Amino acid sequence: AVTNLVTEVGTLYAAGARDFFIPLLPDLGTTYYGTSGQIPAATLSGLSAAFNNALSTQMNALEANSAGM
């Protein structure tokens with residue numbers, strides 16, 4: 001999912017877009033599934049943190065290689 005998002009931003013950049021708003025995931029451990037006990041909150045929090053870290057890392061790399069972004 002992260003790679004798909006970064007690829008799409010790169011495609012938009014190549015087409016001329018220069019300003020992007022890429023929101024991160026909220027802490028999924030605080031959602032219904034995290035608070036209901038169906039899925040451990042720590043697991044969901046870890047998944048959302050891992051996604052956010054990967055997205056931030058890849059977006060920073062794209063930005064470093066894309067003048068004007």
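In which helix does A61 lie? A61 lies in helix α3; here helices (H or I, at least four residues) are DSSP runs, numbered from the N terminus.

Before continuing, please note that this is a predicted model, in which local features need pLDDT of at least 70, side-chain atom pairs count only at pLDDT 80 or more, and totals for chains, interfaces and linings use all residues. Residues are numbered from 1 along each chain as its sequence is written, and side-chain values use heavy atoms, with hydrogens and water left out.

**First stop: A61**

Select A61. This residue counts as partly exposed because its relative accessibility is 40%; buried means under 20% relative accessible area, exposed means over 50%, and partly exposed lies in between (1.4 Å probe, protein chains only). A61 and G10 are 51 residues apart along the chain, and their C-alpha atoms are separated by 11 Å.

**Second stop: N52**

Now select N52, which has its place in helix α3 (residues 41-64). Is N52 buried or exposed? With a relative accessible area of 13%, N52 is buried. Show L24 and L25 as well: N52 is in contact with both, when its neighbours within four places in sequence are left aside. Contact means heavy atoms within 4.5 Å. Then select L62, which is 10 residues from N52 along the chain. The C-alpha atoms of N52 and L62 are separated by 15 Å.

Move to Y32, which is found in helix α2 (residues 32-36). Y32 is exposed, since its relative accessible area is 53%. Select Y33 too; this residue is partly exposed, at 44%.

How many aromatic pairs does the count come to? The count comes to 1 aromatic pair. Y32 and Y33 form this pair, which is edge-to-face, with 5.3 Å centre to centre and 70° between the planes. Rings of Phe, Tyr and Trp (its six-membered ring) pair if their centres lie within 6.5 Å; planes under 30 degrees apart count as stacked, over 60 as edge-to-face and the rest as tilted.

**Last stop: Y13 and R18**

Finally, select Y13 together with R18. R18 lies over the face of Y13, at 3.8 Å from the ring centre. A charge sits over a ring if NZ of Lys or CZ of Arg is within 6 Å of the ring centre and within 35 degrees of the ring normal.

How values were computed:
Helices (H or I, at least four residues) and strands (E, at least two) are DSSP runs, numbered from the N terminus.
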